[in-house]
Amino acid sequence: MSAKELGTKDFQEILDNIMESVSVMDENGVVMWTNKANREKLGITTEVIGKEAKYLVQEGLIDKAVVYEAIESGKFTASIISKGSEKDVIVYCNPVYDEEGKIKFLVSSAMTCSEVNQILETLETERRINKTYLAEIKHLRNTLLLGEDFVIESTNMKCLLEDVQKLAPIDCSVLVTGESGVGKEVMVKTIHKNSIRKEGPFITVSIPSIPDNLLEAELFGYEEGAFTGATRGGKIGLFELAQGGTLFLDEIGDIPYALQVKLLRAIENGEIRRVGGTKLIKIDTRIIAATNKHLEQMIKKGLFREDLFYRLSVMHLHIKPLRERLEDIKPLGEQFIQNFNNKYKTDKKITEPAFNLMKKYPWPGNVRELKNLVERLGILSNGDLITAEDVQAVLSKISNTINDIDPDHLSDDWKTNPQLAEEYSSYERTKILEALKTAHGNKTKAAELLGITRTKLYRKLKNL
């Protein structure tokens, strides 16, 4: 049966099977249609069809007809009316206009006060349930001690979380690897907060930030007079500061080779000797290390000790780059924009098309870059909705900036910043692979797509 074939009887059956109260009146307030639910709520019969709404008032069925207020005002109208001796019906009436702006008919519905109270009770119950769920989530976060930025939507992250839950309480060394910006430090803090040492100190040392000639003294401490400029009375090192807790060796791949054997002995023997000292000091510190470098390749090149690698990686956790776990982009983005809203008292939201566009970007800076992008979008977007156009505008600027950089003419700041260099290398690798895939392996066409010469492409391939 088509829509055109629906007759008056069919229409009445449809209305009668709608659970909500519905009645239709013409522009003069004459009842044209009314369904079963409406008749039951108002205590009327089908005899009212064809009669003006004031008839219900005259018969004492209701104390007033809201439809006339809607006709007079020309706007949506709501009012509580008396049904017999009971004041328990809320009536809504909304005018519908024709193309000339005249009222064509009015649609009315009714709801008893008990129904309204029931809805309010349901909403309150749902609010309590949601509050309970939020409390449970908070409890779980406190129990598992997951950071706010720890998103476990992807299969990879869920598997890593399961491993964290198993290894965190066991006092073993852990090596966390992954590209710059994937969230290695978040992972390390999660391990510490779920360990038996969670009440102890959590000491972070960024190895590249400390000059090689000072790193040993920073890690192991030194005695008075150990070297020129040594503090009077000496100084305890980070190993001792981390007693009873966790020492996080960030970017362990940058540790000087000469110092690696001393670090190995400290981990194996559980004791250290300060620079310039003779006394062995017992340490009770858990070691967790992280790096964005390929330590296995460094071992082959003689740049990293194999025995230290195995000592550090009793448990090895590898975090995949964001471009390989795209399902994490949306929950991470939602978390970051919520943090932005809380900080700046805004109500920004990211649309689904915007997230879909984000998933096409290679994310050389990984989660750190996503967080930065979301903050930028929060600032630059005009309305509360962050659209795909907003994302495209920001990503275009980023892509153009990166594409304009020739690694042969990098600035000194870029060359000396391992994080920027790693991000660029990762991004460049992705773009080259995409171009080769598009060109079906044809290097000449790939070079054209990249806007570089074939010779330069070969050189980049060799370097990568």
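This is a predicted model: local features need pLDDT of at least 70, side-chain atom pairs count only at pLDDT 80 or more; totals for chains, interfaces and linings use all residues.
**Entry 1**

I started with the strands. Five of them make an open sheet in the order β7-β10-β13-β6-β14, and the pairing is parallel. I then asked which strands stand at the edges. They are β7 (202–206) and β14 (315–318); each has a single partner strand, so one side of each is left without a neighbour in the sheet. On average, neighbouring strands here are turned by 20° against each other, direction ignored.

As a reminder to myself, strands of a sheet pair through backbone hydrogen bonds, either parallel or antiparallel.

Next I picked one pair to follow in detail. β6 (residues 174–177) runs parallel to β13 (residues 286–291), and four bridges join the two. I looked up what V176 faces, and found A290 of β13 opposite V176.

**Entry 2: the largest nonpolar core**

I turned to the nonpolar side chains. In soluble globular proteins, such side chains tend to be buried together. The largest nonpolar core in this model has 32 residues, and those touching the most other members are L219, F239, L247, L249, I252 and F304. I listed the elements that supply at least two residues each: β7, α8 (212–220), α9 (238–241), β10 (246–250), α10 (257–269), β13, α11 (295–300) and α12 (306–312). Which of them gives the most? Helix α10 does, with five residues.

**Entry 3: a nonpolar patch outside**

I also wanted to see nonpolar side chains on the surface. I119, L120 and L123 form a patch there, and together they have about 290 Å² of accessible area. L123 sits in helix α5 (residues 113–144). Its relative accessibility is 53%, and the cut-off for exposed is over 50%, so L123 counts as exposed.

**Entry 4: R305**

R305 is found in the loop between α11 and α12. Is R305 buried, exposed or partly exposed? With 21% relative accessibility, R305 counts as partly exposed; the cut-off for buried is under 20%. I also checked R305 against V261: 44 residues separate the two in sequence, while their C-alpha atoms are 7.9 Å apart in space.

**Entry 5: salt bridges**

I searched the whole structure for salt bridges and got 17. I made notes on a few of them.

- R311 pairs with E268, with 3.7 Å between the closest N and O atoms. This pair links distant parts of the chain, as R311 belongs to helix α12 and E268 to helix α10, 43 residues apart. R311 is partly exposed at 33% relative accessibility, and E268 is partly exposed too, at 43%.
- E271 pairs with K282, the closest N and O atoms lying 3.5 Å apart. Here strand β11 (residues 271–273) holds E271 and strand β12 (residues 280–282) holds K282, eleven residues apart. K282 is exposed, with a relative accessible area of 59%.
- R325 and D328 meet through their side chains at 2.8 Å, N to O. I looked up their burial as well: R325 is buried, and so is D328.

My last look was for bridges that share partners. D171, R197 and D284 are joined in this way into one network.

Technical notes. Residues are numbered from 1 along each chain as its sequence is written. Side-chain values use heavy atoms; hydrogens and water are left out. Two strands pair if DSSP finds at least two bridges between them. Axes are lines fitted to C-alpha atoms, for helices over the stretch in contact, and angles run from 0 to 180 degrees between N-to-C directions. Patches are made of residues with over 30% relative accessible area and no salt bridge: like charges are joined within 9 Å, nonpolar side chains (Val, Leu, Ile, Met, Phe, Trp, Tyr) within 5 Å. Accessible areas come from the Shrake-Rupley method with a 1.4 Å probe; for residues, only the protein chains shown count as cover. A salt bridge is a side-chain nitrogen of Lys or Arg within 4 Å of a carboxyl oxygen of Asp or Glu. Buried means under 20% relative accessible area, exposed over 50%, partly exposed in between (1.4 Å probe, protein chains only). A nonpolar core is a set of buried Ala, Val, Leu, Ile, Met, Phe, Trp, Tyr and Cys residues joined through side-chain atoms within 4.5 Å.
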